[in-house]
Amino acid sequence: MNFKLDQQELLAFSKEEKVRKQSPSNIALIKYWGKKGNQIPANPSLSFTLSKSFTETEITYTPKKDDGTVSIHFLFEKTENHKFEHKIKIFLEKLIEYFPFLTKLHLKISSSNSFPHSAGIASSASSMSALALCLCEIEKKHYGTLQLEDDFLRKSSFIARLGSGSAARSVFPYAATWGEFVENPVSSDEYASPLTFDLHPVFRNYRDAILIVSNKAKKVSSTAGHGLMHQHPFAKARFEQAKNHLKLLLNVLKNGDVNTFIEIVENEALTLHALMMSSNPGYILMEPGTLQIIEKIRAYRERPGIKLCFTLDAGPNVHLLYSANDSDNVEKFIQKELLTYCENNLWIKDKIKSV
Ligand code: DP6
C-alpha cells in the first residue's frame, strides 16, 4: 500500500483552520513484544479498544513559507512541554513524505488525556493515534484524498504505528489485530485491521477495570524491552506461541468461549512479564501489589458464576476484564479486596469502545 502523498499544492486557504480528534488507549490480549526494522512487529497482536481512557488532540494550522522545515508549538494539558514538543517535531519530520503539507504549515498542537497523568497508564497508544487521525483529517480536508472511511483509518493506523506500535490498533472500535497472520489474508505488518467477523455478544460489553498499583515512571521503557527480544533465548518460541494464541483467540472471540479466553489472556500477560524477567539484563516491572491482586482474582474465580480475568501491560498495573452483566459484583470485589493494593486507591472504570 502506498501512503505517500504527491507534492501537489494544498487546496487554497488563507485563514486559520482547525482539526480535532479523540483516540482511545487499547489493552492487548495477544501482546506485541519484539520488533524489527522500522516498527515492524515480530509477531501479530490483538487488543480490545477502550473508551474512557483517551487522548484528545487539536491542531490549529496556518500557511507558512515552505522552507523545508517543520514548525510546531505544543501544549500538553494546556501547558508548554518542551520535551514532548521536541519528540513530536522529530516524529513529524519523519512523516514529510506522507504529509508534504507539514513543511507548508505552522501547527499549534494541543493534547490532553481523559485519565490523570499521575495514573501512570501508557498514553503513547492514545496520543500517537490521536495525532495520526488529526494529520489524516488535514490531508482529507485539503487534498480530497482519504474520503473512504477504510482508507482514512488504514492510513491513520499506518502513521500511528510509526509513532508507537501499539497505537496502530487504537483507531478501530471493539478490537483490532496488527501484524500479518495467515488466517487473515489482508492483515499487514504496516497497519492494524478490524476483526473480519462480529465480536461475540459476550465480549461486546466487556469491562476493563484498570487497577493502578503504581504510577511511577517505568524502570525500563517498552522500546528498550522490545530491543531485548533481539537476543532473547526464547524469542523464536514466543513468536510462534503468539501466532498460535492469536488463532485460538480469534475463534474464542467468534464463539464466546469465555473459559478459553481466560486461559489465553492470562497466559499472554504472564508470558510478557516472563520474557522481561528472562531478558539479558532481566528486569521486573510487577510490584508486590500486582501479584497480590492476581492471587485475589484467581481465588475469586474459584467461586461459581463469575468469570473474570486479568491482563498486564508493560508495567505493574492490572487490567481486570469482566462482563458488564457481572459489574455490580466485580466492582464490590474491587472495592472490598483490591483497592488496598492500588496507589491512592486509584482505579479507572473503562470498557470496550463500540462504534
Ligand atoms: C506490552 O507500542 O509501547 O503494551 O512501538 O516502542 O512504542 P513502541 O512500543 P509500545 O509497546 C507496547 C507493548 C505492550 C503490548 C501491546 O500493546 O501489544
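1. A polar contact here is a pair of N or O atoms within 3.5 Å; within protein, one must be able to donate a hydrogen and the other to accept it, and residues adjacent in sequence count only if both atoms are side-chain atoms. Helices are DSSP runs of H or I with at least four residues, numbered from the N terminus. At the start of H7, the backbone nitrogen of Asn259 has a side-chain oxygen of Asp257 within 3.3 Å.

2. The model is predicted: local features need pLDDT of at least 70, side-chain atom pairs count only at pLDDT 80 or more, and totals for chains, interfaces and linings use all residues. Residues are numbered from 1 along each chain as its sequence is written, and side-chain values use heavy atoms, with hydrogens and water left out.

3. Helix H7 (residues 258-277) has 20 residues and should span 28 Å at 1.5 Å a residue; its end C-alpha atoms are 29 Å apart, which agrees. The expected span is 1.5 Å times one less than the number of residues.

4. The ligand is surrounded by 16 residues, the closest being Tyr32, Lys35, Ser164, Gly165 and Ser166 (a heavy atom within 4 Å counts as near). Helix H5 (residues 222-228) gives the largest share of this shell, three residues. Domain 1 (7-194) and domain 2 (201-351) both contribute to the shell, so the ligand lies between them; the bounds come from an automatic or database domain assignment.

5. Ligand oxygen atoms lie 2.7 Å from a side-chain N or O atom of Tyr32, 2.7 Å from one of Ser164 and 3.0 Å from one of His226. Taken alone the ligand exposes 460 Å², of which the protein buries 91% (Shrake-Rupley method, 1.4 Å probe).

Conventions
Helix = DSSP H or I, 4+ residues; strand = E, 2+ residues; numbered from the N terminus.
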